[in-house]
Amino acid sequence: MALREPIYLGTEISLLEVRKLTFDRMPLEIWFDDYQFEVDYDIGESGTKFQTVRELSIDLNEVELRYGYHVGHPILRKEIAKQYEGNSIDNVAVTTGASEANFAIIAHLVGPKDNIIVEHPTYPSLYQVARSLGRDLTLFKLDWDNDFRPDMDKLRKLVKPNTKLISLTHPNNPTGSVITEAEIKEAIEIAEDAGAYLMVDETYRDLMFDSPPPLAATMSPIAISLTSMSKTWGLPGIRIGWAVADNSIVEAIRAVREQITICNSSLGEAVAMEVLYKKDEVLANIMKAVLSNFKIVKEWMDSQDWLEWIEPKSGVIGAPRLKRGGSTDPLCELLVTKYRTFTVPGSRMELDGYFRLGFGGEQEELIKGLEQLGKALKEIHS
Ligand SMILES: Cc1ncc(COP(=O)(O)O)c(C=O)c1O
């Protein structure tokens, strides 16, 4: 299939339409902004334990605090490209977190009259950007009854003549469901038949419990890989993510970010480079901690009378629900206010009835947080 060159940024939007764009705050981020620093036990975070510069033993003294290359330092891009067979630095755009890459890709590929299909649940900005830009958004729902696995027949039926981008996230936030190589291949075929691109958010892929499927961008020129150093690596503070894609998309990302952030933080890039150089060693330690935490949370969940979940297949998060049904808002609110424990109510991710339980952090904090969760559950059931 010939790659199209859609440049929609502003060209087809009338001034009137531009004025109508609205960026509402995302309920998930409001919850974080309000409570993440007000608690003692955080068991709602979606990443691994936050790292410090000291723990990483990185010397940042000589980092020049200048503007950087607009889609990332070539050495960093080269290091990233190595992981994506068949791709070179021309296919890599390093961005201010995966969030910026997601924004730029949607802004570039999905025009005012185009449709975008976004898997749901997921991290909300993956669909909220399309809403903010007033794009035709279709949610591709993952269901409890199907273990939150993506149903490709269902996806095929959702495609419209104007679909330009399909966006999937696996391992999934917050359900921890995974995708197989065969399913990614099918999604690529569906996108190809539609004349669309497929974007796979692979932010949690390095935290697979079993061997991961291939990186999407290595499978087809119409497949885009999106990822971040925020979750697996416990480094959201460096604000580094990237997309690996056809070069026309990398160039579009460059254009978008020249109007928002221009380039990455030089400190962020320096940390990212050092961590990627010793990737295997750092990841081995992270994975050991994650699997040990998962054992704890799994045993705790197995002993619960009031909660049930589809066990996460990878990553550091899961989405339990109350066996008796109903909203989890009262539980999560009680947890933050009385028990100083942070989880995320599903309603903040358009998934009311569930809540996000994160097990990537400090083990002691996890154990204490689960204890608090047990107390709050008892309270709401008494
Ligand atoms: C699946 C997924 N993608 C992207 C992001 C955005 O991450 P960042 O912008 O920090 O890279 C998140 C954050 O929670 C996420 O869970």
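Is Ser314 buried or exposed? The close-ups below start with that residue. The model is predicted, and local features need pLDDT of at least 70, side-chain atom pairs count only at pLDDT 80 or more, and totals for chains, interfaces and linings use all residues. Residues are numbered from 1 along each chain as its sequence is written, and side-chain values use heavy atoms, with hydrogens and water left out.

**View 1. Ser314 in its loop.** Ser314 sits in the loop between strand 9 (307-308) and strand 10 (317-318); strands are DSSP runs (E, at least two residues), numbered from the N terminus. With a relative accessible area of 1%, Ser314 is buried (under 20% relative accessible area, 1.4 Å probe, protein chains only). Beyond its neighbours within four places in sequence, Ser314 is in contact with Pro171, Gly176, Val178, Leu207, Met208 and Phe209 (heavy atoms within 4.5 Å). A polar atom of the Ser314 side chain lies 3.0 Å from the backbone nitrogen of Phe209.

**View 2. Helix 5 meets helix 9.** Helix 5 (residues 97-109) and helix 9 (residues 247-257) pack at an angle of about 105°, their axes 9 Å apart. That makes helix 5 roughly perpendicular to helix 9 (65 to 115 degrees). Look for Phe103 and His108 of helix 5, and Ile253 and Arg257 of helix 9, which are among the residues making the contact.

**View 3. Around the ligand.** Here you can find Ala98, Ser99, Asp201, Ser228 and Ser230, which come nearest of the 14 residues around the ligand (a heavy atom within 4 Å). A polar side-chain atom of Ser228 is 2.6 Å from a ligand oxygen atom, and for Arg239 such a distance is 2.7 Å.

Notes: Helices (H or I, at least four residues) and strands (E, at least two) are DSSP runs, numbered from the N terminus. Buried means under 20% relative accessible area, exposed over 50%, partly exposed in between (1.4 Å probe, protein chains only). A polar contact is a pair of N or O atoms within 3.5 Å; within protein, one must be able to donate a hydrogen and the other to accept it, and residues adjacent in sequence count only if both atoms are side-chain atoms. Axes are lines fitted to C-alpha atoms, for helices over the stretch in contact, and angles run from 0 to 180 degrees between N-to-C directions. Angles under 35 degrees count as roughly parallel, over 145 as roughly antiparallel, 65 to 115 as roughly perpendicular and the rest as oblique.
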